[in-house]
Amino acid sequence: MSSENMLAVHFDKPGGPENLYLTEVAKPSPVEGEVLLKVAASALNRADLLQRQGQYAPPPGASSILGLEASGHIAELGPACRGHWKIGDPAMVLLPGGGQAQYVTVPEEFLMPIPAGLTLSQAAAIPEAWLTAFQLLHLLGNVQAGDFVLIHAGSSGVGTAAIQLTRMAGAIPLVTAGSQHKLQMAEKLGAAAGFNYKEEDFSEATLKFTKGAGVNLILDCIGGSYWEKNVSCLALDGRWILYGLMGGTDVSGPLFSKLLFKRGSLITTLLRSRDKKYKQRLVEAFTKQILPNFSTESPQRLLPVLDRVYPVAAIQEAHAYMESNRNVGKIVLELPQ
């Protein structure tokens, strides 16, 4: 392979994991204010599965290569870079796409230092999931000490991050998940209670746990199929934040009247399509407020949860495993060095 090319995950047509393969593509070059990152690891996200299926196009101007987060070392500084970064520095980064390749270009403002004691694979599991959870709880959810927070998909990457960040905020995390193993892992991370949505009504269980008060904040990546139960267990003046639609898009029934009766707020958000300034502010706030707590010296240490690490050549297997919904925490891909 020439020095002008790199290996990247590719698919020719939308479909299943069997359509994915590695191929040579042109290596990108950083433009003004960007750096070139030599990728060591990238993590999978639901957005990668949706994009592969043809259901989630990358934002305008973003790379069509999969991968919303990565870790590695800075290989080149583009023109007019003003930050403190140097060639060879380790870094992790939030991306609109392009992470599942040997190199990716990124605005220098999106780079974050890797906390002491974390491997590059652990670092790759932080940007998308943890910035999403931080955004949901703090920028949108205005979480307060003592709040009850219901976290759907509590064993996912965002879920495992949200449990820890909820605890750090002095709030009380409750989770839903589909197996006893996932609930046990969530409770080890700090969940006060967990409800198996396959075996019980999570709304009834939530109301029982909160002695009828309900939850102040719901982090919801499910959507349509959960709306009625969400509103039922929402506290007065509660905030329901929708950031995914794994349970479908359709709503049938008196959503507005039930929500109005609770004086509830329904907030929707996506991170990938946010503009550069928003992401820059988010990265700055997270780097200042949260990142130091990943250090081995932090008294309440945060940890990314890794389920499996695959070589990127096993990309089909990694996608199939995520689609099986068996993972607890993140699935990471390691790139050849």
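Reply: Happy to! Let's start with Ile65, which counts as buried because its relative accessibility is 14%, and the cut-off for buried is under 20%. Please keep in mind that this is a predicted model.

Where does Ile65 sit along the chain? Ile65 belongs to the loop that runs between helix H1 (46–52) and strand E4 (69–77). Setting aside neighbours within four places in sequence, Ile65 is in contact with Met6, Ala8, Val9 and Val25, and also with Gly97, Gly98, Gln100 and Ala101.

Now for the wider setting. UniProt, in an unreviewed entry, places the feature "domain: Enoyl reductase (ER)" at residues 15–333. Over residues 15–333, the chain is 29% helix and 25% strand, with the end C-alpha atoms 20 Å apart.

For another covered part, turn to strand E11 (residues 215–220), where five of the six residues are buried. E11 pairs in the parallel sense with strand E8 (residues 148–151) over three bridges; here Leu150 has Ile218 of E11 as its bridge partner. E11 also pairs with strand E12 (residues 234–242), again in the parallel sense, over five bridges, and Val215 stands opposite Leu234 in E12. Trace the chain through E11, helix H7 (residues 227–232) and E12, and you will follow a right-handed β-α-β unit.

Conventions. Residues numbered from 1 in each chain as written. Predicted model: local features only at pLDDT ≥ 70, side-chain atom pairs only at ≥ 80, totals over all residues. Heavy atoms only, no water. UniProt positions renumbered as here; feature names shortened; annotations may be inferred. Helix = DSSP H or I, 4+ residues; strand = E, 2+ residues; numbered from the N terminus. Buried < 20%, exposed > 50% of the residue type's maximum accessible area, 1.4 Å probe, protein only. Pairing = 2+ DSSP bridges. Right-handed = clockwise from strand over helix to strand, strands pointing away. Contact = heavy atoms within 4.5 Å.
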